Amino acid sequence: MASFHKVESSNIDYSQRAQWLRAAVLGANDGLVSVASLMMGVGAVKRDVKAMLLAGFAGSVAGTCGMAIGEFVSVYTQYEVEVGQMKRDMKMSSEKGEKDLEKRRTLPNPLHAALASAFSFSIGALVPLLSAAFVTNYKIRLIVVVSVASLALVVFGSVGAQLGKTPKIRSCVRFLLGGWMAMAITFGLTKLLGSSGLEL
């Protein structure tokens, strides 16, 4: 019985997971990095916690909508391309047409991808928002946001690697370095802009 489950698990087609996995993992990563970077950028010129939270909340709502719409349009386009190809194949061969009817069940679902992307983005965006919400000290707040975001990036990278059966360390390092770069660039450029004398 155990060997049956082992064989069954080894026959899993991980490429079938790619569609929803990509939307979920990238959505969570984008939500985390985008909102954390936005809050760090505001924090570079504004010490008020309210300003950071409002910016983060606005970024969360806008990003969730943008991710959902973008993913839906992208996947729906892919769906139409694959359906069109299947119809052309069915005209060429009735035997191949029967096989394509079975393949139709595995076509990408635009709505599922959009919902997965929107949900995961909002979950990722909550991490920096919640981490900063209860910290009043300015410097400690920035440190907490970066620290919690870094931990979440490692977790997202690990989960993505586990589900996709890819190397965990490489995945975690990619997520972590990408997030650090985004936060550092946003903080630095906004700080530079603020120090140039522009009233914000």
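This is a predicted model: local features need pLDDT of at least 70, side-chain atom pairs count only at pLDDT 80 or more; totals for chains, interfaces and linings use all residues.
The secondary structure of the chain consists of seven helices and zero strands. Read from the N terminus, the order of elements is α-α-α-α-α-α-α. The chain has 200 residues, of which 34% count as buried. Its accessible surface amounts to about 12200 Å², and carbon and sulfur atoms account for 68% of that area. When contacts between residues at least 6 apart in sequence are considered, 75% of them join residues at least 24 apart.

The largest nonpolar core contains 26 residues. Leu32, Met39, Leu153 and Phe156 have the most contacts inside this core. Two or more core residues are supplied by each of helix H2 (18-43), H3, helix H5 (110-133), helix H6 (138-164) and helix H7 (168-195). H2 provides the largest share, with nine residues. With residues up to four places away in sequence left out, Phe156 touches Ala28, Asn29, Leu32, Gly124 and Phe175. One of these, Leu32, is itself among the residues with the most contacts inside the core.

Aromatic side chains were considered next. Two aromatic pairs are present in the structure. In one of them, the ring centres of Phe72 and Tyr76 are 5.7 Å apart and the ring planes meet at 20 degrees; since planes under 30 degrees apart count as stacked, the Phe72 and Tyr76 pair is stacked. Both residues belong to helix H3 (residues 49-92), where a spacing of four residues places them about one turn of the helix apart. Phe72 has a relative accessibility of 35% and therefore counts as partly exposed. Tyr76 is likewise partly exposed, at a relative accessible area of 36%. Tyr76 also pairs with Tyr79, in an arrangement that is tilted, with 5.9 Å from centre to centre and 35 degrees between the planes. Tyr76 and Tyr79 are three residues apart in helix H3, so about one helical turn separates them. Tyr79 has a relative accessible area of 26% and is partly exposed. Together, Phe72, Tyr76 and Tyr79 make up one aromatic cluster.

The structure holds zero disulfides.

Ser131 is located in helix H5. Its relative accessible area is 12%, so Ser131 is buried. The side chain of Ser131 reaches the backbone oxygen of Pro128 at a distance of 2.8 Å.

Asp48 is placed in the loop between H2 and H3. With a relative accessibility of 44%, Asp48 counts as partly exposed. Asp48 and Thr136 are 88 residues apart along the chain, and 8.4 Å separates their C-alpha atoms. Leu111 lies in helix H5. At a relative accessibility of 49%, Leu111 counts as partly exposed, because only values over 50% count as exposed. Leu111 and Ala68 are 43 residues apart in sequence, and the distance between them in space is 8.8 Å from C-alpha to C-alpha.

Notes
Residues are numbered from 1 along each chain as its sequence is written. Side-chain values use heavy atoms; hydrogens and water are left out. Rings of Phe, Tyr and Trp (its six-membered ring) pair if their centres lie within 6.5 Å; planes under 30 degrees apart count as stacked, over 60 as edge-to-face and the rest as tilted. Buried means under 20% relative accessible area, exposed over 50%, partly exposed in between (1.4 Å probe, protein chains only). A disulfide is a pair of cysteine sulfur atoms within 2.5 Å. A nonpolar core is a set of buried Ala, Val, Leu, Ile, Met, Phe, Trp, Tyr and Cys residues joined through side-chain atoms within 4.5 Å. Contact means heavy atoms within 4.5 Å. A polar contact is a pair of N or O atoms within 3.5 Å; within protein, one must be able to donate a hydrogen and the other to accept it, and residues adjacent in sequence count only if both atoms are side-chain atoms. Accessible areas come from the Shrake-Rupley method with a 1.4 Å probe; for residues, only the protein chains shown count as cover.
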